[in-house]
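Here is a note for a colleague who is opening this structure for the first time. The points below are meant to be read with the sequence and the model side by side.

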Amino acid sequence: MLVRISGFGQDGPYRDRPGYGSTGESMGGLRYVTGFPDRPPLKMGVSIGDAIAALYATIGTLAALRRRDLTGRGEVVDVALYEAVFSLLEGTLPEYGYSGVVRERMGNALPGAAPSNSYATADGRFITIGANGESIFVRFAAAIGMPYLTSDPRFENNQARRANSEALDAIITGWTIQQSVEKIWELLNRAEVPAAPVYSIADIVQDPQFRAREMIVETDGPKSVGQILMPGFVPRYLEAPSQVRWHGPRVGEHTAAVLGSELGLTEEELDRLSALGVIGLDRAGAPAP
């Protein structure tokens, strides 16, 4: 079994070109549609291209192992960063192929549906609201005390709301800016309208849902570090729950053991290479070579 992750895959005219997550996100089309229409393309706040490629490599490996079990034959799993990102572009390719439409940057709005956006609140935060379904919009309008919006010709159905999304978002913002995030969220949850605060990592750590599903794992790190917070496992297995067993080694922790056992280097030779800066050496807790 061989798994390869590269910028452009193992064949094609770009196969020898270097690639990072940033190149995959750019050529894969994600950055073109990320951001606001009057500003340059944006990267996401995390390296999504690298993560998606790793997930596809994992999925491909699992599928290949299953195939090996059935056929007895191995496989080469070939994952290209730009292809992994490209696969996430939803309907942009059929849209272009059918009508020549190039999807552009739309900020926080959802193409083809309204209202669906992030709205400022009275406490200086933001909340996302997705009230674009017809029945949901009726409940939403009633919940915010504006049931008359459903009979306004500009907002009477999704097609009309899409055409007048800026006006509708302005009305919604005029309401949310007078309320706190928690008050809005509670109100919309009671009305069964999909909504959620825009969380920072500090918000995530304090949230009871993350805690209840063990997505915030508290572990004891090295004495010099203390407690370490780590993300839980996705997906969850009910029959075989996962757990964090090891934080990983310190930099250089296994250097002496590996070079001693594999290359036969002595303690003196390891110390000399460490003093020259050739290797990183951390013997604390590591077995002697």
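1. Overall make-up. The secondary structure of the chain comes to 12 helices and 7 strands, where helices (H or I, at least four residues) and strands (E, at least two) are DSSP runs numbered from the N terminus. Please keep in mind that this is a predicted model, in which local features need pLDDT of at least 70 and side-chain atom pairs count only at pLDDT 80 or more, while totals for chains, interfaces and linings use all residues. Residues are numbered from 1 along each chain as its sequence is written, and side-chain values use heavy atoms, with hydrogens and water left out.

2. Dimensions. The chain has a radius of gyration of 26 Å, whereas a compact globule of 289 residues would have one near 19 Å; the radius is taken over C-alpha atoms, and the globule rule is 2.2 Å times the number of residues to the power 0.38. Taken along the principal axes, the C-alpha atoms fill a box of roughly 85 × 50 × 45 Å.

3. Surface and contacts. The accessible surface of the chain is about 18600 Å², and 56% of this belongs to carbon and sulfur atoms; accessible areas come from the Shrake-Rupley method with a 1.4 Å probe, and for residues only the protein chains shown count as cover. Of the 289 residues, 30% count as buried, where buried means under 20% relative accessible area, exposed over 50%, and partly exposed in between (1.4 Å probe, protein chains only). Among contacts (heavy atoms within 4.5 Å) between residues at least 6 apart in sequence, 54% join residues at least 24 apart.

4. Helix H8. In helix H8, which spans residues 181-190, Val181, Ile184 and Leu188 are buried. Seen down the helix axis, the buried residues of H8 fall within an arc of 70°, so they line one face of the helix; the arc is that of the directions from the helix axis to the C-beta atoms. The face turned away from this buried side carries the exposed residues Lys183 and Arg190. What covers the buried residues of H8 includes strand E4 (126-130), helix H5 (134-143), helix H7 (165-176) and strand E5 (195-197).

5. Phenylalanine 155. This residue is found in the loop between H5 and helix H6 (158-163), and phenylalanine 155 is buried, with a relative accessible area of 0%. Leaving aside neighbours within four places in sequence, phenylalanine 155 has contacts that include Phe137, Leu149, Arg161, Leu168 and Ile171.

6. Salt bridges. The structure holds 11 salt bridges, each being a side-chain nitrogen of Lys or Arg within 4 Å of a carboxyl oxygen of Asp or Glu. In one of them, arginine 31 pairs with glutamate 25, with the closest N and O atoms 2.9 Å apart, and both of these residues are buried. Arginine 161 forms a salt bridge with glutamate 134, where the closest N and O atoms are 3.3 Å apart. Arginine 161 lies in helix H6 and glutamate 134 in helix H5, so the pair ties together parts that are 27 residues apart in sequence. Arginine 161 counts as buried at 0% relative accessibility, whereas glutamate 134 is partly exposed, with a relative accessible area of 38%. Salt bridges that share partners also join Glu90, Glu95 and Arg103 into one network, in which the side chains of glutamate 95 and arginine 103 meet at 2.6 Å, N to O.

7. Backbone details. Which peptide bonds to proline deserve a look as cis bonds, with omega near 0°? One runs from alanine 114 to proline 115, and proline 115 is found in the loop between helix H4 (92-99) and strand E3 (116-120). Another runs from valine 234 to proline 235, with proline 235 in the loop between strand E7 (227-231) and helix H11 (255-263).

8. Positive phi values. Glutamate 192 has a positive phi of about 60° although it is not a glycine; glutamate 192 lies in the loop between H8 and E5 and is exposed, with a relative accessible area of 58%. Phi of glutamate 214 is near 55°, again a positive value in a residue other than glycine. Glutamate 214 lies in the loop between helix H10 (208-212) and strand E6 (216-220), and counts as exposed at 54% relative accessibility.
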